[in-house]
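I hope they are handy to have beside the viewer as you go through the chains.

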Amino acid sequence: MNHRERILTALNHREPDRCPMQVSFTPEFAARLEADMKLRGQGLHNPHGGGNTYDLERALDEDMLLTSVGWVNGYYQNGYQDVESYQDEWGVTWRSIEYRTRFGLGKYTEPFGHPLADDHALDSYVPPDPDRPELYVDAERTLRDYHNDYWIVGVTPTTIFECAWGLRGYEQLLIDMATDPGRANCVLDFPFHYHRTVAQNLVRRGVDMIWLGDDVGGQTNMLMSPRMWRTYLKPRMAELIASLRAINPQIKIAYHTDGVVYPIIPELIEIGIDILNPIQPMAMDPFRLKNEFGDRMCFWGSMDIQQTLPFGTPQDVNNEVLLRLKTIGQGGGLIIGPTHNLQLDTPLENFWAMINAIQKTPYGSLS
Amino acid sequence: MTTLDDLCQSVIEGDRGLAQDLVKKAIEENIPAERILKEGLIRAMAEVGVKFENGEYFVPEMLIAARAMQNGLSLLRPYLVSAKVQAIGKVLIGTVQGDLHDIGKNLVAMMLEGAGFEVIDLGVDVSPEKYVQAAREHHPDLIACSALLTTTMPRMKDIIDALKENGLRDQVKVMIGGAPVTESFARQIGADACAADAVSASTRALELVLELKKG
């Protein structure tokens, strides 16, 4: 069973030989792992896949390879490690900040300057062009080199809401959504149109799956009401997904949102989402999701990075893998992996406990 | 409906223009500033908290209510000062060193202000030294620390240690919060409380300040 077959079997709600796996890393964790595995460095690792050689993913026997186009690449824009701030092609200004862990220093980035913060800026704003051929060179290479063996995912999260908050500012965008629908719609349409075209272009090039996403969940509840989500985001996502299926009816659609989103899951299924990611176990109960939605939806993620992976023991990690395989992974329908990029605070012992437990636990051994 | 009822309702509905007009009207009616604060603005934000806990309000509704409350408060502030109305307590709030996330921290700050606290917001990426320096300068009752990331959570312990080293820990309560932060982590690092969201942060803050004042 090759990697593609493993993923396809799981997504068809059947049990493959073992649970398919996808793991992503921050650049710092990737560098530490490359040293541990004595792999030649591949340059700066992009957790969203853009520009990667996939040496790490292939050495770890992961089953799908990610290739990203879109605003999300601003998070690890080339050169971010050497500067305190930078601007992406949308005009969003990012800050780069250092943090320290017991395993060394890392840097991450966060948007802080918003080109549409001023109301008047909306009138003259021109977003980047999503049809530039150079945006797709990486995806084409990934498909050419790896499509026979691997499940290739076109990555376009921060699809509408998150990119719009980068453009307008988080609080102002939410205030617009509550008080000024015309303005909110205008801001949301910039990333919606851009990422719709990007996703269509990736589907035309032959990716197996498109990964959409917008964080609409917090740790304990949704960030916005289901009603507001239905007003602004559901119709756009539905239209985007329908446009992708018009190009390739077989395309699989994964959707990323952190946090709690129980109230909208039936509607995510209704608009054509096949796979929900990342299933943060400290926010949503994976077993409950499997029971309520497991016959209509697949899941991707579910390994806790808020507690178990950074702060647990290797035994805790092993136990969590087995628990997931027996619950949310029972009967297939799960691509297992950490619920976000592994960060520098995760001990390598825990990382290897996760990889080994996944790889050394055939589905057949669980009954 | 009295003017204060109308004011309360305008804040709950997030109508900042109306909230300002009604604060002006209440002042013109010679309603004491403290009553306008407590029976108009603070009552409204308490109701907003209840609606949040009941799942009726979410972040956008809280934001517009808080904005209306702040608009009203800015007009009322000079009257509160001249009437020598004291805040319930003083809070220093910030996102810890190495962390730039401020959505949760800002919501907590708004809810604390709406509960009658004086809030001094130190911003993001706040070092333990900066907390200590601000604590010396402002003499807060409560220090509130936020972190979104597991990689920056450990800085919360550094803040508590720095307060201890500088002899300030006994004079102030410490509350922590943020997505990965748990009660057991709070106990482990010696914080006084952990809050899961902005509304419970405001409830816990009131309890902590009461405890502190009782000694």
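1. One thing to keep in mind from the start: this is a predicted model. The points below take up a helix pair in chain A, then a sheet in each chain.

2. In chain A, have a look at helix α6 (residues 161-168) and helix α8 (residues 181-205), which pack with their axes 8 Å apart and at an angle of about 120 degrees. Angles of 65 to 115 degrees would count as roughly perpendicular and those over 145 as roughly antiparallel; α6(A) and α8(A) are therefore oblique to each other. Their crossing is right-handed.

3. Which residues make the contact between these two helices? From α6(A) come A:Phe161, A:Cys163, A:Ala164, A:Leu167 and A:Arg168. Helix α8(A) contributes A:Arg183, A:Val187, A:Leu188, A:Phe190, A:Pro191 and A:His195. Sorted by class, the contact of α6(A) with α8(A) has eight nonpolar residues, one polar and two charged.

4. Chain A also holds an open sheet of seven strands, paired in parallel, in the order β1-β5-β6-β7-β8-β9-β10. The edges belong to β1 (64-68) and β10 (334-338) of chain A; each has a single partner strand, so one side of each lacks a neighbour in the sheet. From one strand to the next, the twist averages 25 degrees.

5. At the β10 end of that sheet, strand β9 (residues 298-303) of chain A pairs with β10(A) in the parallel sense, over five bridges.

6. Turning to chain B, you will find an open sheet of five strands with parallel pairing, ordered β2-β1-β3-β4-β5. Here β2 (118-121) and β5 (193-195) of chain B are the edge strands, each pairing on one side only. The twist in this sheet averages 25 degrees from one strand to the next.

7. Strand β4 (residues 173-177) of chain B runs parallel to β5(B), and three bridges join them. B:Met175 has B:Ala193 in β5(B) as its bridge partner. Elsewhere on the sheet, helix α6 (residues 128-138) of chain B touches β1 (90-95), β2 and β3 (142-146) of chain B. The direction of this helix makes about 165 degrees with that of β1(B).

Conventions: Residues are numbered from 1 along each chain as its sequence is written. Chains are lettered from A and ligands numbered from 1 in the order in which they are written. This is a predicted model: local features need pLDDT of at least 70, side-chain atom pairs count only at pLDDT 80 or more; totals for chains, interfaces and linings use all residues. Side-chain values use heavy atoms; hydrogens and water are left out. Axes are lines fitted to C-alpha atoms, for helices over the stretch in contact, and angles run from 0 to 180 degrees between N-to-C directions. Helices (H or I, at least four residues) and strands (E, at least two) are DSSP runs, numbered from the N terminus. Angles under 35 degrees count as roughly parallel, over 145 as roughly antiparallel, 65 to 115 as roughly perpendicular and the rest as oblique. A crossing is left-handed if the near helix is turned anticlockwise from the far one by less than a right angle, and right-handed if clockwise. Contact means heavy atoms within 4.5 Å. Ala, Val, Leu, Ile, Met, Phe, Trp, Tyr, Cys and Pro count as nonpolar, Asp, Glu, Lys and Arg as charged, and the others, Gly among them, as polar. Two strands pair if DSSP finds at least two bridges between them.
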